[in-house]
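Subject: Structure handover

Hello,

My notes follow below it.

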Amino acid sequence: MSHTLPWSKGPAAGAGGGQVVVMASRLKLKSIVRVPRFFILSGGVYKQAQNSPGNVGISLRADPWHKTFWTLSSWESRQALQSYIQTDPHLSVMTKLKPAMRESLFTSWKQDAALPPNWEEADRRLAEQEARRAAADPQPG
């Protein structure tokens, strides 16, 4: 059973019309014993995203018993998203968590700034990204 944190507006919420960049991720851990550390480290990353320049909003979803976590965020620009990704604590936390990860899947798209992203669209786009990945790297059968 997954739990979702509601959409939390960032500093750039309502800053104007046009398009935003939406980013969704699905993160799967190798082992349930890695879940507590993931929660501890990801808390600072969540707070960083909430307060990052250019962040329009963010939501998180977690299914700790299945070792799976999702993010959904929107940004004023790709540059704002990249700046967040390349800044600590996000940068150092991702490095620390890399050995714990079984799989990481990311997708992004542009959409109207007036419409907040939704999980149904994120799930659909992540499934499409997963299918593209599988087609590009078929496993021996």
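In which order do the five strands form the open sheet, and what is the sense of the pairing? The order is β1-β3-β4-β2-β5, and the pairing is antiparallel.

First, the ground rules. This is a predicted model: local features need pLDDT of at least 70, side-chain atom pairs count only at pLDDT 80 or more, and totals for chains, interfaces and linings use all residues. Residues are numbered from 1 along each chain as its sequence is written, and side-chain values use heavy atoms, with hydrogens and water left out. Helices (H or I, at least four residues) and strands (E, at least two) are DSSP runs, numbered from the N terminus. Two strands pair if DSSP finds at least two bridges between them.

β1 (3-9) and β5 (101-112) stand at the edges. Each has a single partner strand, so one side of each is left without a neighbour in the sheet. From one strand to the next, the twist averages 10°. Angles here run from 0 to 180 degrees between N-to-C directions, and axes are lines fitted to C-alpha atoms, for helices over the stretch in contact.

Helix α4 (residues 119-136) packs on the sheet. Contact means heavy atoms within 4.5 Å. α4 touches β1, β2 (19-29), β3, β4 and β5. The direction of α4 makes about 120° with that of β5.

Strand β3 and its partners

β1 and β3 pair in the antiparallel sense over five bridges. T4 has R61 in β3 as its bridge partner. For K9, the bridge partner in β3 is G57. On to β4: eight bridges join it to β3, and the two run antiparallel. S59 has its bridge partner, L72, in β4.

β3 is mostly covered, with eight of its nine residues buried. The cut-offs are relative accessible area under 20% for buried, over 50% for exposed, and in between for partly exposed (1.4 Å probe, protein chains only).

β3 and β4 form a hairpin with four residues between them. K67 sits in the loop between β3 (55-63) and β4 (68-75). K67 has a positive phi of about 60° although it is not a glycine. K67 is partly exposed, at a relative accessible area of 23%.

Helices α1 and α3

Two packed helices are described by the angle between their axes and the distance between the axes. The axes of α1 (residues 35-51) and α3 come within 9 Å and cross at roughly 160°. That makes α1 roughly antiparallel to α3; the cut-offs are under 35 degrees for roughly parallel, over 145 for roughly antiparallel, 65 to 115 for roughly perpendicular, and oblique for the rest.

R37, F38, L41, V45 and Q48 in α1 meet H90, V93, K96 and L97 in α3. The residues of this contact divide into five nonpolar, two polar and two charged. Ala, Val, Leu, Ile, Met, Phe, Trp, Tyr, Cys and Pro count as nonpolar, Asp, Glu, Lys and Arg as charged, and the others, Gly among them, as polar.

Two local points

The peptide bond from D88 to P89 is cis, with omega near 10°. P89 is in the loop between α2 (78-85) and α3 (90-97).

D112 lies in strand β5. D112 counts as partly exposed, at 37% relative accessibility. Not counting residues up to four places away in sequence, D112 touches G18, Q19 and V20. The C-alpha atoms of D112 and G14 are separated by 12 Å, and the two residues are 98 residues apart along the chain.

Best regards
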